[in-house]
Amino acid sequence: MKAPLLALGLVMAAAGLAKAEYPDRPVTWIVPFSAGGVTDISSRKLAEVLTEQLGQPVIVTNKPGAGGLVGTKEAQGAAPDGYTVLYGSSGPFGIIPALSPEKLTYDPLKDFEVIRGVSASPQMIVTHADAPFSTIAELVDYAKANPGKLNFGSPGIGTAQHLAGELFNKATGADMTHVPYKAGTSQMVDLASGVLDLSFEYSPIVKPYVEEGKMKILGTTGRERIATYPDAQTVVEAGYPDAVNMGWTFLGVPAGTPAEIRARLETAMNAVMADQRIADMIRTGGQIVVPAVGETEGKAFIQAEIAKFKAAGGAVSN
Amino acid sequence: MELLDHAILGLTTALTFQNLIYAFVGCLLGTLIGILPGLGPLATISMLLPLTYSLGPTAALIMLAGIYYGAQYGGSTTAIIVNLPGESSAVVTALDGYQMARQGKAGLALATAAISSFIAGTFATVFIMLAARPLANLAFSFGPAEYFAMMVVGLLLATVLSNARLLESVAMVLVGVLLSTVGTDLTSGDERFTFGITKLFDGLDFIVLAMAVFGFAEIVRNLGEDEDTVTGTAKITRLMPTRAELKQMLAPATRGTMLGSILGVLPGGGAALASFASYALEKRVSRNPEQFGKGHMAGVAGPEAANNAAAQTSFIPLLTLGMPSNGVMALMIGAMMIHDITPGPRVMTSDPALVWGLIASMWIGNLILVVLNLPLVGLWVRLLAVPYRLLYPAIMLLCCIGAYSLKNDSFEVMLCAVMLLGGYAIVLLRLPPAPMLMGFVLGPMLEENLRRVLLISRGDFAALVGSPISIGFYLLAAVALLTMALPNLRRKREVLDED
Amino acid sequence: MRRDTIVGLTFLAIAAFFAFFGSQLTIGTAARMNAGYVPVLGAVLLGALGAVILGQDLLRRTPEPIARINWRGLICVAAGILVFAYTLRPLGLPLASVLLVLIGCLAERPIRPVQALALGVFLAAASSLIFVGGIGLQLPLWPTL
């Protein structure tokens, strides 16, 4: 009875000793949001190209919940062997640590290592078609002339869109009231019908309404103009560099992953980001490709963002 | 005529061999998962969405639509056979459908559901082709004040759902509303009743609640009784409806279709409201309202038609404006974007084959489902003849798998066990569960919209009655209240007269 | 045990829970409602209804009794679900399913172990094939040790 078991054990030990080339089995890519959302769609396209680069299937797994907290925690608890990667984003790594640190069950700076930045999306500043202002400057003038009158919507407290509005408030002195919604939709309907005055939303979401003529774009919260709306003035150009805000994403691994594996992933991801399909996806999504930012710069960036959100934090609570 | 051109374009696109296969596969997959007790269309589509990523856009959407309807049919099937609604709009079907099954009329109930859904699907498709644009614009007249008024009516109707004492129905609605507050508060960002548990931040899941109360608790109760009382379904009468019964279905189905077609267009919660507004309506116009809750066919025909019509018209804002009216449509947008199609008004002109093909495919999907499901009725009914001691572990397993698949997490499964205690108490005390579930679904929308109106108006309550639509709903609520109270008064007077 | 009394007490208990923890949140005013407003308001209404139901029953001369509680069934079903929840990841779907079925079958008298095991194996195989193999749900199949 014991002999076959012993033999089995020996074989397994031998197999373990034999040096395996990373990766030698499928990699799990955790998306802390549900299927069909923007991060999910991007992840699937990225994973597809990454699969080609690594030679092993990269399987996208959705672990939604608590604005990204559940999936991020899951990734943190995974073995740091390079077979679990996380699609990190500004919510769980920037906004929540800045505004609700008591909710954190992980350390965004210590528990993970940045492999490569992926994308950054500025928000578009939109209003309904018959609003009495058409540029950022006019908006600020109107807001100052009518303090406390304007409303802006967002898909929820603590989202990048919400923060964009608060940062704008702080930078321009506009005194706009935040109205949270559950997800993009009803917010857009209310904005188009005039119930809301403004929103800071991503371009794919506002596009149908702008094309239909129900909404107009005042500007964008990015540092540079984006390809899909080249006429949209940036907040920097309008004179408010402190209102710059972007939602950002990166690929990360749990801390303690060996250096060779991280280097392999980094090379692979650089190739992925250079791929034309990904470049197209990012451009049409109204986003920009993040330059090859790795661990040190990535961490510095995240830290700076957390500080920035904290500074805007005072104005957040209703 | 332009309409005819569109119809022809649609049919030629949808009827290609390839697209027919995709529609069929979608319907089949959707039905299979919809049958998983507790999993409804939204959960099903989230799970199966990745399967469509490698297809072309038209094929992907056709398959997704097929999955959507299939899941709805499947969800109604489990609601009738094992009293497990897969989503909020199936709760109403379970009310009378399951009772019909217990009386040996499972076949009739299933057939009623399938046929009413098909009637609704046909009318709704024509509706969409004729009135897509004006219907879509309806959505823009609904702001937070209008939604609040609509929810008030909805909650009132929720108390009508059961035959229990009014005091208890209202109390159960309140329990549902209270349970719905668990989680992160939308308007303020505060955590309510979560006690620091991260996985509770998003609140309790409707499906977990439904499974605990309708599924697991029911199992425990059945286990406590004799074999005979449980499988009262043993005496099965004919499977297919008679001509007379078909005639009886027609009126409720038509009324349900009307209700569903209009309510489905409204973003957020239109479908659930449609199915039980239909139930309330049928109960009101019926000649024997006391039969409702005990297995009245109209209680299945109306709501089933309503929720199918709503499911179809919910595509309208998506196709005409690029605007999703519920979670499923949001997923559809995701599917379109993966195929590099940005949904919006331009899609109708830039890719008419996609839009009209999809619309035509909806009707074809309905046809496929009726053809699929009617013969399956015999299979399901035979399933009921399986001895309960073999059946209930299977139901348990299916529910657990379903619960896990909601978020790929065991937490939801564990919650089921916890909620089971409460669910069993409800079953044991013979309290009405349906009002609680309705309160759970409508409560958040009521609160969210009320607070939003007040936030925007800076505390001015007059904003609630600002538009004709909201005033209309309040009047409806008042009328509903009166008609509920009057019969009670009349009965009391009769008793007094007799003295 | 009187049914209506228990119903009333249950409602009162639920109301008390939500009122107590709800009052720890910011309540706000009617015009500026905050997180705690609806829970506390709802709890108060529920408590009132519970009190009325309780009061009516205490005055009643012929109370309605409650049905017999099926403790065995309740414990077995709940335990089965919990075991499944905790063993799904470590043991994989097929093993967890078998455990679920075995524990669930303890609820019915007489206990037929062979039948339960056979049913468990059948359901485990069928669900693994259909849901993971066929449809592609993200459920672990193998033990992760």
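This is a predicted model: local features need pLDDT of at least 70, side-chain atom pairs count only at pLDDT 80 or more; totals for chains, interfaces and linings use all residues.
Residues are numbered from 1 along each chain as its sequence is written, while chains are lettered from A and ligands numbered from 1 in the order in which they are written.

**View 1. The six-stranded sheet of chain A.** This open sheet runs in the order S2-S1-S3-S10-S4-S11, with mixed pairing. Strands (E, at least two residues) and helices (H or I, at least four) are DSSP runs numbered from the N terminus, and two strands pair if DSSP finds at least two bridges between them. At the edges are S2 (58-62) and S11 (288-289) of chain A, each pairing on one side only. Strand S1 (residues 27-31) of chain A runs parallel to strand S3 (residues 84-89) of chain A, and three bridges join them. Helix H4 (residues 90-99) of chain A packs on the sheet, where it touches S3 and S10 (246-254) of chain A. The direction of H4 makes about 50° with that of S3(A). Axes are lines fitted to C-alpha atoms, for helices over the stretch in contact, and angles run from 0 to 180 degrees between N-to-C directions.

**View 2. The five-stranded sheet of chain A.** The strand order in this open sheet is S7-S6-S8-S5-S9, again with mixed pairing. Strands S7 (177-180) and S9 (215-220) of chain A stand at the edges with a single partner strand each, so one side of each has no neighbour in the sheet. On average, neighbouring strands of this sheet are turned by 30° against each other, direction ignored. Five bridges pair S5 (residues 124-128) of chain A with S9(A) in the antiparallel sense. A:His128 stands opposite A:Met215 in S9(A).

**View 3. Helices H1 and H2 of chain C.** The axes of H1(C) and H2(C) are 7 Å apart, and the two helices pack at an angle of about 160°. H1(C) is therefore roughly antiparallel to H2(C); angles under 35 degrees count as roughly parallel, over 145 as roughly antiparallel, 65 to 115 as roughly perpendicular and the rest as oblique. Their crossing is left-handed (the near helix is turned anticlockwise from the far one by less than a right angle; clockwise is right-handed). The contact of H1(C) with H2(C) has 18 nonpolar, seven polar and two charged residues. Ala, Val, Leu, Ile, Met, Phe, Trp, Tyr, Cys and Pro count as nonpolar, Asp, Glu, Lys and Arg as charged, and the others, Gly among them, as polar.

**View 4. Helix H17 of chain B against helix H3 of chain C.** The axes of H17 (residues 388-407) of chain B and H3 (residues 71-91) of chain C come within 11 Å and cross at roughly 45°. The two helices are therefore oblique to each other. H17(B) passes H3(C) in a right-handed crossing. B:Met396, B:Cys400 and B:Tyr404 of H17(B) make the contact with C:Val77, C:Gly80, C:Ile81, C:Phe84 and C:Leu88 of H3(C). Residues are in contact if their C-beta atoms, placed from the backbone, lie within 7 Å.

**View 5. The side of chain C that touches chain B.** Here 57 residues of chain C are in contact with 51 residues of chain B. H3(C) supplies the largest share of this side of chain C, 12 residues.

Conventions: Two residues are in contact if their C-beta atoms, placed from the backbone, lie within 7 Å.
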